[in-house]
Amino acid sequence: MAIPRSLSLEDWDARYDALRRDGMGEPWYGGPLRRHLEAGGDTRLGALRFDDSPAALRLWNFLLTEEDRLREARAAGHKLVGAMKDLGTVPVLASAFPELTTFYVDGAWWIPCLMGTAIGALREADRLGVCDSFCPVRALLGAFVTGEHFPIPDLLVCSAGATCDDLSAVAQRVEGLGHPVFWWEMPHRRRADRGEPSATLPGGGIAPAEQVALVRDELGRVMGALCDLAGHRPESDALGGAIAQANRVRRTLGHLRTLAYTSPLCPMPALEMLICEMLAIHFCSDRGECIEVLADMIAEVESRVAEGVGVLGEAAVRVFWVNPVADLRVMNLLEICGGRLCGTEFLFSHALDAIPEDVEPMEALARTALADPMVGTCGERAERISRDLTRFGAEALVISRVPGASHCAFEGELVGREVAARCGVPVLEIEVPSFDDAVEPALRTRLEALIETARVKRKCAGEPRRTRWA
Amino acid sequence: MITVACSSFFVPPEWVAAHGFRPERLIPEAPVTEGCVACGEGMCPYARAMAHAALRDDVRAVVFAPTCDQQRRVAELSGTRRQDAATFLLHVPRVARSENCRRYYRSEIERLGRFLVEIGGRPPEREFLIETMSRFDAARDRLRRAAEARRLGTSSLSARTLAEGMVRFHRSGDPEVIDTVGRGAGERGKAGRTGRRRIALLGGPLFETDLAFFDWIEVAGGDIVLDGTENGERTLAAAFDMARLGDDPVGELVRAYFDAIPDVSRRSNDGLLNWVRDSAAAGRIDGVVLRHHVWCDQWMAEVPRIGEVAGVPVLAVDSSGRPDGRTRTRIEAFVEMLLAGVGG
Ligand code: SF4
Ligand code: SF4
């Protein structure tokens, strides 16, 4: 097997031609990556480094054609559900209806990451008074005005309560533009009082049964709205089937993460792993295809692991990453600085955990929704991060602040201190603004310092990491 | 009497009082700039000051009822920092029109009751609860009437005196304190208010130092006839229905607080917008001064919509600290513009 290479967009042009000449087959949404930049305006692609595998090509193409899929779904008579905030639950609920297609309109968070900041969506958000003191999710508001990034959904569903203020305020403004929002409540997850009945959540957390009941009842209201939209109730076993399908994606992804984050040599770059994880939230609007895309990625990773080849040297420092990055280049930068991704918490760990299949479906979804790391305390979040960090054997923690995000003012310090105490790893808190070349040197220096600290710790521990191939 | 501090207008003080505590609304005097416990970049100054205020050791417990993400995290900080671990977080559902949420708020009020008993309070006798609720209700009624009298021009109370009275009521946890509102203050005669522009002061919570706004607006030629900030009349619980109060006092708390208080945190927040629209019309408002703290997404995002529904010019004033000269100049220019009849 050839040693995997990191490719620029230009490199991919030649690589694509070669793969096609060699007979590479592609799904309908396939094609060279460059077209997303030239026709789609994803200008930031030009600044990224990519994995060179056909599996990664398919992954990127799948991700970057979601808008086309949504428009086709609508043309085929599907009703579109625009979910907001819960990250992982409403799409499962909606997939019990064959004629509904769900996507996250707050996926607009990524628009500046792919298109840069000089875009109409941000200009419109500014014009509406939602400036850059909000996190990048403000692009969502502008996108509703320009109508350029996704089709306007037939139903908007948003959770409120123990959520960030940014999205909540932006979604409220969307409603003010004349797009009614179906709100449902997500309580702040608390510990059960002494003697109070409780339920175990996916991921190992615990919540009072009363809170699970509230979320279940609220999801029941969401289900009612979906029934109204579809014009019927779901088939009797449809929701159970939807959960089983979602779990297929989650288990596949779980396998991929374990392989990628625990293999002695890093088999897949951080950037592609981030994209894979994002698929768990709503399957990029096509669950079946999502499973195929992930299966390709697993096959690629498995063969690299089996052949003992990786994308980075074996000295790469194993880094656990917290929060999504508003500039995707930073995932590349981590590797340039000598790190490799070994575990993540991108604010949606509850979308990666399997949904319980041994309880009634609405109860299972309520428990899953309540497992959201953002609805509980920073302490619980730190606990989960510590567990995963240990499982993946990470040697350092990066907490990446999202500019403007209501939770970031505060959580970094709490989470960082707690994880450092529990796991004894060096912690770095950085802020990653949406595409700002000026901050790159500073970010690089700070990441390099972290990597160096982790290396020194490794040396002091006196245990050079031996691998099967060493 | 032992004090229980409450962070929010969604914590009914009569419920705390009926359990044998003095309910004190936490209203920080001024922003905190030194010895910061929650000083991360991007932190709302009010939430930060709240984080400090919650660490006071002269209160038996702190009850948080966060209406935003930052306050929720401050509650967590308080829970980890207070030695006595006496922090209670009451989840106020944001979704306004859900029967599930109403039920949940009620259940949270009842859970708060159990907590108060756990920290040494007594479960209220029904008659005592009703009597306590009635006393607080009567105090709020007087405050509301005082505000209405100012709007009608039949009161000589200044806007600042009334605002201070509201703060005193929230802080004291004693409905009888209302008797002292306005006492001893050098009041301006009713005649002095003619020709002034009628201003609504809206927005989130004010520090005590922010009461300077009232003076500035007045000196510039305005008259605050509607105080829709977090300590003002907007967040006073609705009047209790005496018939229902006898049948189900806790249900009446739910109705007067959860159902009735219009706030920017509610989803949908059309309750707030309707309140602004109706109050602006009824109060014949000429202009709105909307005060929000930096990093307060909820109020910042709603500025344009509040302007739309109020139908009058809006001046949004943000602040990361104490009121400053720049803010004063902007307020003066705004009131001057209204006096000149521009922008209306
Ligand atoms: S990054 Fe944070 S603040 Fe922004 S939408 Fe996501 S959870 Fe909310
Ligand atoms: S002013 Fe806004 S951000 Fe600050 S505590 Fe109040 S609601 Fe939260």
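This is a predicted model: local features need pLDDT of at least 70, side-chain atom pairs count only at pLDDT 80 or more; totals for chains, interfaces and linings use all residues.
A:Val222 is buried, with a relative accessible area of 0%.

**Around A:Val222**

A:Val222 sits in helix H10 of chain A. Which residues does A:Val222 touch, leaving aside those up to four places away in sequence? They are A:Leu93, A:Val157, A:Phe182 and A:Trp184. A:Trp183 is 39 residues away from A:Val222 in sequence. In space, their C-alpha atoms are 8.4 Å apart. Why call A:Val222 buried? Its relative accessible area is 0%, so it falls under the 20% limit.

**Where chain A meets chain B**

In total, 49 residues of chain A are in contact with 42 residues of chain B. The two chains bury about 3600 Å² between them. Carbon and sulfur atoms account for 53% of that area. Three residues stand out on chain A: A:Asp165, A:Gln172 and A:Phe410. They supply 18% of the area that chain A buries against chain B, more than any other three residues.

Polar links cross the interface too. There are 24 residue pairs in polar contact between chain A and chain B, counting pairs with both residues at pLDDT 80 or more. Two salt bridges are counted between the chains. In a salt bridge, the side chain of B:Arg111 meets that of A:Asp193, at 3.8 Å from N to O.

The chain A residues that touch chain B divide into 19 nonpolar, 15 polar and 15 charged.

**A strand pair in chain B**

Chain B has its own strand S5, at residues 197–203. This strand is mostly covered. Six of its seven residues are buried. How does S5 of chain B run relative to strand S6 of chain B, parallel or antiparallel? The two run parallel, and six bridges join them. Strand S6 of chain B spans residues 222–228. Within this pair, B:Arg198 stands opposite B:Asp223 of S6.

How values were computed. Residues are numbered from 1 along each chain as its sequence is written. Chains are lettered from A and ligands numbered from 1 in the order in which they are written. Side-chain values use heavy atoms; hydrogens and water are left out. Contact means heavy atoms within 4.5 Å. Buried area is the accessible area (1.4 Å probe) that two parts lose on being put together, summed over both. A salt bridge is a side-chain nitrogen of Lys or Arg within 4 Å of a carboxyl oxygen of Asp or Glu. A polar contact is a pair of N or O atoms within 3.5 Å; within protein, one must be able to donate a hydrogen and the other to accept it, and residues adjacent in sequence count only if both atoms are side-chain atoms. Ala, Val, Leu, Ile, Met, Phe, Trp, Tyr, Cys and Pro count as nonpolar, Asp, Glu, Lys and Arg as charged, and the others, Gly among them, as polar. Helices (H or I, at least four residues) and strands (E, at least two) are DSSP runs, numbered from the N terminus. Buried means under 20% relative accessible area, exposed over 50%, partly exposed in between (1.4 Å probe, protein chains only). Two strands pair if DSSP finds at least two bridges between them.
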